[in-house]
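Please open the structure in your viewer and keep the selection tool at hand.

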Amino acid sequence: MRKKLSVLVITVLLVFAFFVPANATELDEFSIVNQVSFFVEQNYKFGVTSVQLKNKALEYMLETGDTNLDNVLKAMFEGLDDFSVYFNKEEYAEFLGDVNASLCGIGASVVKGRDGSVILDVIPFSPAEKAGIKSFDTIVWVEGFIVVGMPVAEATKYTKGEAGTVVKIGIKRLGTEGVIYYDLVRANVETSPVTWKKLDDETAYISLSILSVNADFFMKEALNEIDKLGIKKIVLDLRDNPGGHIGSTVNICEMFMPEGPVGYVDYKDPTKMETYYSENKNPKYKLAVLINGNTASGAEFLSGGLQDTKVGVLFGETSFGKGTVQTTRELLNGGAIKLTVAKYYTAGGQDVAKDKIVPDFEVKNSYRQLKEENFLPLDFETEFRVGSTGEGVKAIEQRLAVLGYMEEADDKFTEETMDAVRLFKLYNGMNTDPFVEFDFIAYLNNIEYDKQYEEVDRQFDAAYEYLKGLE
C-alpha cells in the first residue's frame, strides 16, 4: 500500500510540477513551495532534494486532504533536523522578537493584576518611560477598550503595532484620582539580555541570557561600566542561554579572546569554511564561565572558545550540544523558514554537535529544605516603611528572599524591599499599595515554609571561589 501511495505521489508531483493554476493566489502558493524546496536543496547542510521535499508536501495533502499552505510547508520540513522549521506569520513575529530582543510597542512588561494589567518594568528610553509611566501602574483602558479582567495577552495586543503609530492608553495610579490617559507613539524597544553586578572590589558577575542581535552592544556597555571600577575578574553566566545571532556571538568572543581564530563554520559546500577571528591583542579579563544542559548553540561556541583559548575556566554541567548554524528566509506569505546551513567548531576545533561542551569542573546545584525555625519572628505590631530598620525588617526580607522576590535579606527596609513587597502582593492577588499592612504580614506568616525548597547555587559558588584564588 505504501509503495502504491509513493507511486501516486510521484505521479501527482509530475502533474503539480507542470501545472500552472489559473487563480493568482494558487500561483503564489505554488511559487512559494517551489522556492522553498529549491532553497532547501541548495543550502541544507545534511542534504535533501527538492523532489523529496515536494513528495512530502503532496503525500501530506493526499493523506490528510489539507491544502493549507502553512501546514503543507510544515510537512515539508518533517524529517529534517530538529532546528530546521517553517514558521507561520505569527510564529515568525514571535521568533523575531526573541532573537532581536526588540518589541514594537510602548516598552513595558505587564502581568495580570486584580484591577487590570499591572506594569512590572518600564524599559529605559521607551515610549512608556518618556511619558512618565511607572512600575505598578495599572492599565485599565486601551484604544477605547476597557481591559480590566481581560487576559494580559488580549490586553497587550492592543498596545503593539507598527513603529510610529499612536496608541491611547489609560492607567490608574495609587494616590491619583480617576484614570490618567496617554497618547504614546509606538517604537521598536530594545531589551537587554545582559545584566551585571559587582561582587567585590575585584570581581563582577555578568549574566547573558540570549545572544540576540544587540547582545554585543549591551555586553560592551556592561564591560565599560565594569572597567570604570577597575575590575578584571568576571563570573560569566551562560546557563540556559539558547544561543542566537552569529554576528553578535563573534563580537562578544572578540571582547574576551586573544588574537586569532575564535571559531569555524563549515557549510554544505565542502570547499567553504568560514573562520572568524579576534583582533584583541590584549585580553584583560579572567573568566569563570557557568554552563549547564540548556547552554546551546552560540553560547556553546562562546564558552567552548573561551575554554580553548584558556581565557575562561568552565564550571557546571555538560552543554546541550547544538553545533549547527541556521539561517532564516522570509516568504511572500509573511511566514519564514529557519534552515540548518552549517556546522560550527570552536576555536580549538571542538565538534559541539558530536561531543558537546564539557566543563573543566563539573558541579551540580543542590536543593535544601527550608526550616522556618531559622527565620526571625514576624512583627505584627510595627508599621514598616522605607527607612525602617531592625529584626522585623529582616524577618520580612528573609521570607521574601527564599520565595524569590529579592536577592538577600538584611535589616534595612529599602525601595528594593518595597518593590519586593508589592510584587509579592501582586502575584498573590492582593492590592499593590506600597504599604506593609496586617494582611500582608499574615499572608507571609501562613506560608508553610517547611514544605519549600531553595536552590543552592554551588556552580556559582565554585566559580566565584576560583576567581578569588587568582592573583
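**Stop 1: A charged patch**

Select Glu 408, Asp 410, Glu 415, Glu 416 and Asp 419, which gather on the surface in a patch of negative charge. Such a patch is made of residues with over 30% relative accessible area and no salt bridge, like charges being joined within 9 Å. This is a predicted model, in which local features need pLDDT of at least 70 and side-chain atom pairs count only at pLDDT 80 or more, while totals for chains, interfaces and linings use all residues. Residues are numbered from 1 along each chain as its sequence is written, and side-chain values use heavy atoms, with hydrogens and water left out.

Helices here are DSSP runs of H or I with at least four residues, and strands are runs of E with at least two, numbered from the N terminus. Is Glu 408 buried or exposed? Glu 408 counts as exposed because its relative accessibility is 61%. Buried means under 20% relative accessible area, exposed over 50%, and partly exposed in between (1.4 Å probe, protein chains only).

**Stop 2**

Select Lys 197 and Glu 407, whose side chains meet in a salt bridge (2.9 Å, N to O). The term denotes a side-chain nitrogen of Lys or Arg within 4 Å of a carboxyl oxygen of Asp or Glu. Lys 197 belongs to strand 10 (residues 194-198) and Glu 407 to the loop between helix 12 and helix 13, so the pair links distant parts of the chain, 210 residues apart. Glu 407 is exposed at 61%, whereas Lys 197 is partly exposed at 34%.

**Stop 3: Helix 13 to helix 14**

Select Glu 437 and Lys 425, which form a salt bridge at 3.2 Å, N to O. Glu 437 stands in the loop between helix 13 and helix 14, and Lys 425 in helix 13. Lys 425 is buried, with a relative accessible area of 0%; Glu 437 is partly exposed, at 23%.

Next, select helix 14 (residues 438-446). Which of its residues are buried? They are Phe 440, Ile 441, Ala 442 and Leu 444. The cover over these buried residues includes helix 12 and helix 13.

**Stop 4**

Finally, select Asp 183 and Lys 168, joined by a salt bridge of 3.2 Å, N to O. Asp 183 lies in strand 8 (residues 180-185) and Lys 168 in strand 7 (residues 166-172), so the pair ties together parts 15 residues apart in sequence.

Technical notes:
Patch = residues over 30% accessible without salt bridge, like charges linked within 9 Å, V, L, I, M, F, W, Y side chains within 5 Å. Areas by Shrake-Rupley, 256 points an atom, 1.4 Å probe, with all protein chains shown as cover. Lys, Arg positive; Asp, Glu negative; His and termini not counted. Charge placed at Lys NZ, Arg CZ, Asp CG, Glu CD. Contact = heavy atoms within 4.5 Å.
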